[in-house]
Amino acid sequence: MMLRHLLASHLDFRSLKFRFNPVRYFSDRSKFIKRNDNRKPIWATLAVAGVVAPIQGVPPQINDTGGPQRTPQSPFGQFPNGPYINWNQFCYQMLARGEVERIIVDPTTNAVRVILFDGAIINGVRPFMRQYLLQVPSIEIFEKKLREFERSIGIKPGYEVPVIYERSSSTRAIVGTLMLAGLLYFFTRNARIAGPQSIISSFSKAKFTLVDPAIRANDSASIRFKDVAGLQEAKVEIMEFVDYLKNGERFLKLGAKLPKGVLLTGPPGCGKTLLAKAVATEANVPFLALSGSDFIEMIGGVGASRVRSLFKSANKLAPCIVYIDEIDSIGKKRSGSQFNNSEMEQTLNQLLVEMDGIVSRKGVILLASTNRADVLDQALTRPGRFDRQILIDLPNLEERKEIFEKHASKIKLECPPSHLAKRIAQLTPGMSGADLANVCNEAALHAARKDKTAVSSDDLEYAIERVVGGTEKRSSSISAEEKRIIAYHECGHALVGWLLEHTDPLLKVSIVPRTSNVLGFAQYLPSDQKLYNQQQFFDRMCMALGGRVAELIKFNHLSTGAQDDLKKVTQMAMAQIKEYGFDPVIGNISFPKEDAEQQGKKPYSKRLANTMDLRAGIMVREAFDKTLQLLKGHMDKLDLLAENLLAKEVMNSSDIEKLIGPRPYKKESNINLTV
């Protein structure tokens, strides 16, 4: 009895509370020895001798030499942002296959550590991590669900996975305090001897997220290329790199080299990060993800050190992919001015060296994305560093149909998404994939607000108007006279665009006020045209002036409602004169706006500037006179449209066609603008 108390006090079993049943290992000793080679658990010997009860705890194991067994170092310690797993992955890919050695629970947090056996096999491959984190809502509920699942898969009582509860004793708290004091003394002493760099070195490691391919490849929630709608050309290009990682021999036979970098560029919300997630799933190699801002800290020199740390870790995991989101935060063009950002330039210089420097990197591909490719340094975007730049542009009509069907399949519609896809794609010109996802979500919220059982086409069109112009503001205090002016203004735009040849087709006109200070709007379907002539510019200027001219004809005065229209007309006129050489007096010269902004001064004389201003005024006046003559000849149609718009507040192209007939210059197109 005295020997039992002596061993218990020596091993300090009270600091740990174990949920462990030794019957599993006594009854199945061969399985235990197979998992742990020839190592014997000391508690088994003590239990047989009657010295200490096995149920009280599991003391440290010893090796064959009699010394304490050291736990092999896990890669989890090297990568603090280790992979998290969900409940399904833990149950069906680990626990059900007998690969879980033990579970460690810290009652102070809602995360548990899952420890796998050495040499565990997950989904046919051997993972390079032994420890995984599992987020749980409650420790009590977790253990209850764990035991229920073990019973459901046929694990008999006594064979359960041990659950270890870590608890801090007073002795451990004292030791922790002493260790903290020692660390502070160590840092202070080194700071006096070696300078502040010894303290900064602790912040120099790259903070990236490591994606385990063994877990992500079999996760049903992972994004794959088939889940990315549209982006057909971009997916073909990016899949070449994935194919190279999977079947590199086919390329090496032809003498092809492993590409070092891929740069995804394009407007926000078009799917750059979504495509990167698909690459992380399909490539089946380690994926290291972080953002450009993770390199920058308030301490100088940390950015370059973190770049070195990142590629050092990537070389250990090669072949692998390193993904840097928003790389423009560290890759901007370097300048020779005295006000430059030396910390950012040092980080960029180190990134350039790591990508293509003296020491070659094998098996590490850099994938980056940015919305501002124009500000990146040329040394960063050259071949050899980023061998391929892939443009992820705004989706066209067909791509918008695919994207809508993808997002609409997640909400409950009255009819199949394919029946509404064409109409919604026509009503959403210039929208990105993120905008279309927002439209579907807003439509579902609107339907739920109205207590509907399914989302209808009216809910979708309401969501489009909300995204384009903002929420309806029915309580806006607009007088009847102002509302009448707004109706004639919007009908002026619509009628001029309806009658002229080189204008975009009208989709909808509305005079419902919006929260974004929009009193009314006319929506058009822009074409995919890339080249414009002078007559096409002129017709668009006339359409922009249609609202102001309609106010002048009907009310014999002008209002401030045409401010945005005048701004657009001025920009189109100045662009024709200064950039495209359409004016016969100024001639075939061009002064791009970007060059003038970079130089800080105008690259032409004041006399030429005055002449340009004069010619722009003449061009706008000609467009105004043409619009005035056109609307005076169709005043009856203008009155008819305005009165109907005042009554309905919203009209689409089919309503206008019923009132004034079809367009005289209707283009041959397969686009149907009717509902």
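**Grounds for each label**

Q: What makes the backbone oxygen of Leu500 and a polar atom of the side chain of Thr503 a polar contact?
A: The backbone oxygen of Leu500 and the polar side-chain atom of Thr503 lie 3.4 Å apart. A polar contact is a pair of N or O atoms within 3.5 Å, one able to donate a hydrogen and the other to accept it, and residues adjacent in sequence count only if both atoms are side-chain atoms. The model is a predicted one, in which local features need pLDDT of at least 70, side-chain atom pairs count only at pLDDT 80 or more, and totals for chains, interfaces and linings use all residues. Residues are numbered from 1 along each chain as its sequence is written, and side-chain values use heavy atoms, without hydrogens and water.

Q: Is Thr503 buried or exposed, and how do you know that?
A: Thr503 has a relative accessibility of 1% and therefore counts as buried (buried is under 20% relative accessible area, exposed over 50%, partly exposed in between, with a 1.4 Å probe and protein chains only). Thr503 sits in the loop between helix H21 (480-499) and strand E13 (506-510); helices (H or I, at least four residues) and strands (E, at least two) are DSSP runs numbered from the N terminus.

Q: Why is the pair of Tyr532 and Phe537 called tilted?
A: The ring centres of Tyr532 and Phe537 are 6.0 Å apart and the planes make an angle of 55°. Rings of Phe, Tyr and Trp (its six-membered ring) pair if their centres lie within 6.5 Å; planes under 30 degrees apart are stacked, over 60 edge-to-face, and the rest tilted. The value of 55° falls in that remainder, so the pair is tilted. The whole structure holds 12 aromatic pairs.

Q: What kind of pair do Phe537 and Phe582 form, and what does the pair tie together?
A: The centres are 6.1 Å apart and the planes of Phe537 and Phe582 stand at 65°, so this pair is edge-to-face. Phe537 belongs to helix H22 (residues 534-555) and Phe582 to the loop between helix H23 (563-578) and helix H24 (593-599), so parts 45 residues apart in sequence are tied together. Ring pairs link Phe537 and Phe582 with Tyr532 and Tyr580 into a cluster.

Q: Which labels for accessibility do Tyr532, Phe537 and Phe582 get, and why?
A: Phe537 is at 14%, so it is buried. Tyr532 at 30% counts as partly exposed, and so does Phe582 at 22%.

Q: How do you know that Lys145 lies over the face of Trp87?
A: Lys145 is 4.6 Å from the ring centre of Trp87. A charge sits over a ring if NZ of Lys or CZ of Arg is within 6 Å of the ring centre and within 35 degrees of the ring normal.

Q: What makes a space in this model a cavity, and how many are there?
A: On a 1 Å grid over the protein atoms alone, a cavity is a set of points where a 1.4 Å probe fits but cannot get out; lining residues have an atom within 4 Å of a point.

Q: Which residues line the largest cavity?
A: The lining consists of Lys260, Phe311, Glu354, Met355, Arg361, Val364 and Leu366. Helix H15 (342-355) and strand E11 (364-370) each give two or more residues to this lining. Four of the lining residues are nonpolar, none is polar and three are charged (Ala, Val, Leu, Ile, Met, Phe, Trp, Tyr, Cys and Pro are nonpolar, Asp, Glu, Lys and Arg charged, the others, Gly among them, polar).

Q: What is omega for the bond joining Ala318 and Pro319?
A: Omega is about 0°, and the peptide bond is cis. Pro319 lies in the loop between helix H14 (302-316) and strand E10 (320-325).

Conventions: On a 1 Å grid over the protein atoms alone, a cavity is a set of points where a 1.4 Å probe fits but cannot get out, and a pocket is an open set with protein on both sides within 12 Å along at least five of seven lines; lining residues have an atom within 4 Å of a point.
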